[in-house]
Amino acid sequence: MNSINWNDDIKLGIKEIDDQHFQFVNILNNLKTALLEETSKDTIKQLVHTLILYTTTHFRLEEIFFDKFSYEFSTEHKTEHKAFTDKIMKIKNDYFDDKIEITNDIIELFNNMILEHINDSDKKFAEYYFKNK
Ligand SMILES: [Fe+2]
Ligand SMILES: [Fe+2]
């Protein structure tokens, strides 16, 4: 199982946001390691919980930026955040209710969703930010 490498290509140049994206990658890698080492369910639950907390905190931070700089695509971007949060919450709830297991495929899915979102929507915002800050 490969770990997810932090890649400078996904840097936006906005330190606070980049730092949080970096933390995302770390949490996902910790989850991957936990699965690999067959860590106890309690530990995995704790990591999933941290991921959720991080997701909501991070989206809130970006949305504060959108409002502060009157970002033109704020609504669309917030909708993506909401869809992402709903998806991740559903998986968390199903896991906590013992309906599913957290698998490497799920971590990959989170990873791809996050990277795609950063590369597309977050970068679009960064472009706007540097023109309008
Ligand atoms: Fe982001
Ligand atoms: Fe975003």
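Asp-98 sits in the loop between helices α3 and α4. Helices (H or I, at least four residues) are DSSP runs, numbered from the N terminus, as are strands (E, at least two). The model is predicted, so local features need pLDDT of at least 70 and side-chain atom pairs count only at pLDDT 80 or more, while totals for chains, interfaces and linings use all residues. Residues are numbered from 1 along each chain as its sequence is written, and chains are lettered from A and ligands numbered from 1 in the order in which they are written.

## Loop residues with positive phi

Phi of Asp-98 is positive, near 60°, although Asp-98 is not a glycine. Asp-98 follows helix α3. This residue has 8 other C-beta atoms within 10 Å, so Asp-98 is exposed.

Ser-70 belongs to the loop between α2 and α3. Its phi is also positive, about 45°, in a residue that is not a glycine. Ser-70 is exposed because 9 C-beta neighbours lie inside 10 Å. A further positive phi, near 50°, belongs to Glu-38, which follows α1.

Helix α1 covers residues 15-36. At 1.5 Å a residue, its 22 residues should span 32 Å, and the end C-alpha atoms are 31 Å apart, which agrees. The expected span is 1.5 Å times one less than the number of residues in the helix.

Which residues of α1 are buried? They are Ile-17, His-21, Phe-24 and Leu-31. Seen down the axis of α1, these buried residues fall within an arc of 75°, so they line one face of the helix. The arc is that of the directions from the helix axis to the C-beta atoms. On the other side of α1, the exposed residues are Lys-15, Glu-16, Asp-19, Phe-22 and Leu-36. The cover over the buried residues of α1 includes α2 and α4 (104-132).

His-21 lies in α1 and is buried, with 20 other C-beta atoms within 10 Å. Leaving aside neighbours within four places in sequence, His-21 is in contact with Ile-10 and Ile-118. Two residues are in contact if their C-beta atoms, placed from the backbone, lie within 7 Å.

## Two helix pairs

Two packed helices are described by the angle between their axes and the distance between the axes. Axes are lines fitted to C-alpha atoms, for helices over the stretch in contact, and angles run from 0 to 180 degrees between N-to-C directions.

The axes of α1 and α4 come within 10 Å and cross at roughly 170°. The two helices are therefore roughly antiparallel to each other, a term for angles over 145 degrees. In this pair, His-21, Phe-24, Leu-28, Leu-31, Lys-32 and Leu-35 of α1 meet Asn-104, Ile-107, Phe-110, Asn-111, Ile-114 and Ile-118 of α4. By class, this contact of α1 with α4 has 8 nonpolar, 3 polar and 1 charged residues. Ala, Val, Leu, Ile, Met, Phe, Trp, Tyr, Cys and Pro count as nonpolar, Asp, Glu, Lys and Arg as charged, and the others, Gly among them, as polar.

For α2 (residues 41-68) and α3, the axes come within 11 Å and cross at roughly 170°. That makes α2 roughly antiparallel to α3. The contact of α2 with α3 divides into 8 nonpolar, 6 polar and 4 charged residues. Among the residues that meet are Val-48, Ile-52 and Phe-59 in α2, and His-81, Ile-88 and Met-89 in α3.

Helix α3 itself runs over residues 74-96. Its 23 residues should span 33 Å at 1.5 Å a residue, and its end C-alpha atoms are 32 Å apart, which agrees.

| Pair | Apart along the chain | C-alpha separation |
|---|---|---|
| His-81 and Phe-59 | 22 residues | 6.5 Å |
| His-21 and His-58 | 37 residues | 8.2 Å |
| Leu-109 and Asp-18 | 91 residues | 20 Å |

His-81 is found in α3 and is partly exposed, with 19 other C-beta atoms within 10 Å. Leu-109 is part of α4 and is partly exposed, with 14 other C-beta atoms within 10 Å.

Notes:
Parallel < 35°, antiparallel > 145°, perpendicular 65-115°, else oblique. Buried ≥ 20, exposed ≤ 12 C-beta atoms within 10 Å, placed from the backbone.
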